[in-house]
Amino acid sequence: MSTATIQTGHANHDAHEHQEPSFVRKYIFSTDHKMISKQFLITGIIMGCLGMFMSVLFRLQLAWPDQSFGFMETILGTWAKDGKLDPNFYMALVTIHGTIMVFYVLTAGLSGTFSNLLIPLQVGARDMASPFMNMLSYWFFFISSVTLLSSFFIETGPASSGWTVYPPLSALPKAMPGSGLGTTLWLLAIVFFIVSSLLGGINYISTILNMRTKGMSMNRMPLTLWAFFFTAILGVLSFPVLLGGALFLIFDRSFGTSFYLSDIYLQGIGALTNVGGSPILYQHLFWFLGHPEVYIILLPALGITSEVIATNARKPIFGYTAMVISLMAIAFLSFIVWGHHMFITGMNPFLGTVFMYVTLIIAVPSAVKTFNYIATLWKGNIRFTPAMLFAIGLVSFFISGGLTGIYLGNSALDINLHDTYFVVAHFHLVMGSAAIFGMMSGIYHWFPRMFGKMMNNTLGYFHFWFTFIAAYMVFFPMHFMGLAGVPRRYYQFTLIPEFGVWMDVNVLITVSAIIGALAQILFLYNFFYSIFKGKKAVQNPWESNTLEWTAPVKHLHGNWPGAIPTVYRGAYEYSRPDREEDFYPQHIPGNDNEHVDDHGYILPTPVRKEIPVAEKPATVFFTSFSRLFSFKRA
Amino acid sequence: MLAVGAFMLFAAFIAFNKVYDIASPSTVVQSAAWFGVGDDKFEPVKVQTTEQTLSSNINWSIAIFVLLVVLVIANVFDISGLAARLSGKENLSGNNVNKYIMIIFLILGFIGVYWEFSHHGKYTLLRNSSSEHGVEYDSMFNVTLILTMIVFVITQALLFWFSFKYAKSPNRKAVYHAHNNKLEVFWTLIPAIVLTFLVLKGHQTWRAITYNADKSKSQNIEIFAYQFGWKARYAGADKILGAADYKYISGANPLGIAVKSEVEKLKLELDTAIMNDRKALKDLNSSLSQLRIQLELYKGLADRTNVVITDKEIARIVSGEVKDELEESIRRKSKQLERMKAIEDNKTVFATMFNNAADDDVISTEIHLIENRPVTFIFRSRDIIHSAFLPYFRVQMNVVPGMMTQFTFTPTKSTTKIRSEKNDNTFDYYLYCNKICGTSHYNMKIKVIIESESAYNTWMQSQKTAFGKEAAPMAVPVSLPSDTTQMRLDSLPVNKLQRLTSR
Ligand code: HEM
Ligand SMILES: [Cu+2]
Ligand SMILES: [Cu+2]
């Protein structure tokens, strides 16, 4: 099978195992996927804390626009003169908050962490297809993070034109302070980020296609792998488009081109010479990534949830095939719906119609996924580990946030909802909260796998309930503000008489946000304390079926000391009536050819003609591609 | 564990106390008090009222209540966990506690949703559309609301109910049930059918709004956006909105409309500016050893142009930044002049643009519309993307530089009517900017007044043309000419002309 080459590759690799790599090779420039996943996770957590802190700062401004906060001046200096946030800096905070959360936490922090950790372990491979590329992927991400954050230390401040960075606002350094050097740094950071995400994505795809262990056919893969697989495909196909868009923007800013600029007169400067460009072009390019991006964020979370829910409900995930097909449908459709962000840009209304049709179709596979999650709980035997709680929380957010998508995907309704707090509520629930919960679920679930220690359950319960309730109290009321026409990205509402009625709601939201933020201290404490002082984890603490739990708790470069386990069945054989135990790990030999029907009866095996994986066209393509980058380790 | 509980409680109380401190003594903005203020300046009036603090406190008490429930239940962990440990059984106490919180959360959550709808639902625009298409919009909205709420209630209830019902019990094994094709087909088809219905209704609503049949008999008003404000341009006596071009924008002609005398003035201005720039550049270009003198020279120029020379400015001069800027400015202005001349040289283009139609246009800082008369807003941006948002009318359209956009609608509720409906004598409609556009984005708005025909005419009578020959313009006639096509600004090939002439 396809793994033959890799296995021989590792025969000599095993011989090196006894010699410990140097500190730098082990902890910093590591090529081991488990270490890289930890690097992604820790960086993601740090970025997440920063993003959350920013949201608290600007929420304070929204709740008490006339109040002066001494501590702000202390930490922000001139950006909060007399303890009051500067309007430009408010925009900068919102922009960087959005950028950090979307790209740095929920793309790199989530997908980077778990794709890295789980793909090799769950497919049964000793490492990624190209460990070196994998290392580069992390370090590009790191450089990108540093570049982005460095914009807080320049005179004109970070990019401030929203996380979408629409030109002309972002293209004209004179249009607002943040559009100067800050935006240059933002664009640079994004370019690094795209490189990182491409290096990662290509690796994930080739590993999944090429390096599955014996018996691990695609239809036996855990749903996590399917989710990471589609996520990586989305990333590889859509990030380059953003790269193009960003490069054009860089050209417009620095080299006098007019891709996005036309007919502009700037106060204090006069008529610009640019003609013929279109700012709408940027929006097309941006959202061609931007929409798939929200699924790049969400799909890994959904994959993690599938795994966690099945494991903890002790039931097979309901409708495995339907789950895979709906993932595939969502991934495909996400490429042709970007226009729903542009209904009111003045583009041809006919296009609006088309984008409305395809957008609302996405609701169908999404609904199927929700029903399947719920059906998996039905008649289960549910263990509420913190991971399970967060997974259930995700489903709840996915429902609440997904349903408001039906309003926003409707071009007619979007007229009055676009860019209001209704949108803020929608995407924070369906993409923000849901994906963060997926990430949390993953952290609690695979913490033993990552660190060989257990996290404290009770702290986890507190963490979950506080965060869950706080998140709903933050984002649910925002729907109503949006319905009343309250625009987003407003520094304060006190200058608009009719929005006065929302003052106390704004206070409620901010207080809830602060409580939610404080609850994260429980998590941070639990996380870091358990790394060092946590209870030792047993081999398979959740009695799970997947392969990652067969590798020894102590980390080895190469994952398994001996041969890689062979897979005999799918990942979701929980509570099979013909078994004493309520789980049936994939690697345990048994009646592996059997086929069990819904009620547990054993059926004759359907004869399936296997095409050797190595001969499938996609495999050939990705193999040759990844070989380009796989360097022999000394 | 109790320590954790105490910590969270403590944190929550600190937060609440802070709120309480801030909310009571100083600056709670009381909504009703806002409206007593004059037209243009909306200085918020800060009033301290007990009602306000009270209503905030209701929120707090609910928040505290929810948190307390969680805390109390969670504290049960220790006790029952201990009991389980003593009796040597598998410890399911955590599981059981969570199972009960699940069901409590479900119930409190639904109560919270209901509370939200009853308390904040009334501020939303659901029942208040002030335009003709708004009625259709609202019915689309309500249908979506009802359907999604049904799904919301059912799925959330099942999710938490199952979590409660099927929580782990030691003497039960989960049912091995991997799929059920009939069920899955069923719950794929149901959403598909519902969504087909929503899509078709949405399509119909969208078409009705965007391919508005009233377009041909509507009054055209240009809405002009700039950092950070709005202007409205009315066609004046000739019923034609004159052509305009961003190249003609000047201090005196903020919309850049094609008025010959203004354009001549601008050309002179530009010439002078270029001359000044050149002079400054020449001064700057002298040798570096004469820096002091240069600074003096530059300062002289600066005095004329009201630029303050600071240390920072000096640094910019020394670094050559100012020189670059001057060169760039000269290049830009020369290009502008060149393009203006190109338009003049092209006789047909010139004749179409400068047909005196703009001479009597009225530029206003308020938007006045006639009740029940269709109107088409034609949007133009001076600098960056803005978005014109009129929530009460269910109207929003981006305002994009280099591309005109438009929106046709019919306001049906006059300002007077909505005031009495809202029981608020000071209420006014506004058009807000709803696309991030810079520092003062949050304060970029223009008042919209819907009034009767006669009130509109009176108002129009009091307006002055931008640079008109007549002192007082005539009202835009209310009866529209039969040939309405010539009124349409978008029928003028202005944009095309620009393209032709700008290279
Ligand atoms: C820690 C809890 C969070 C709070 C309290 C919060 C709050 C907010 C608020 C109030 C805004 C709108 C600000 C404005 O329009 O003026 C905002 C913007 C945004 N947030 Fe969050 N947020 C949180 C977490 C997240 C997460 C987890 C994500 C991940 C997707 C996220 C992504 C965004 C994005 C993309 C924007 C839009 C930025 C823009 O307008 O350019 N936020 N956040
Ligand atoms: Cu989208
Ligand atoms: Cu704006």
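Trainee: How many cavities of 30 Å³ or more does a search of the whole structure find?

Mentor: Rolling a probe the size of a water molecule over the atoms shows where empty space is left. A cavity is a set of points, on a 1 Å grid over the protein atoms alone, where a 1.4 Å probe fits but cannot get out, and lining residues have an atom within 4 Å of a point. Points are joined across faces, edges and corners, and a volume is the space filled by probe spheres set on them. Here the search finds 13 cavities of 30 Å³ or more. This is a predicted model: local features need pLDDT of at least 70 and side-chain atom pairs pLDDT 80 or more, while totals for chains, interfaces and linings use all residues. Side-chain values use heavy atoms, without hydrogens and water; residues are numbered from 1 along each chain, with chains lettered from A and ligands numbered from 1 as written.

Trainee: What volume does the largest cavity have?

Mentor: About 1000 Å³. Of its 46 lining residues, the closest to the centre include His97(A) and Phe475(A).

Trainee: And which residues lie nearest the centre of the second largest cavity?

Mentor: That cavity has about 210 Å³, and Thr404(A), Tyr407(A), Phe476(A), Phe117(B) and Met149(B) lie nearest its centre, among 16 lining residues.

Trainee: Is Lys435(B) buried or exposed?

Mentor: Buried means under 20% relative accessible area, exposed over 50%, partly exposed in between (1.4 Å probe, protein chains only). Lys435(B) has 3% relative accessibility, so it counts as buried. His441(B), at 1%, counts as buried too.

Definitions and conventions: 1 Å grid on protein atoms, 1.4 Å probe; cavity = no way out; pocket = protein on both sides within 12 Å on 5 of 7 lines; lining within 4 Å.
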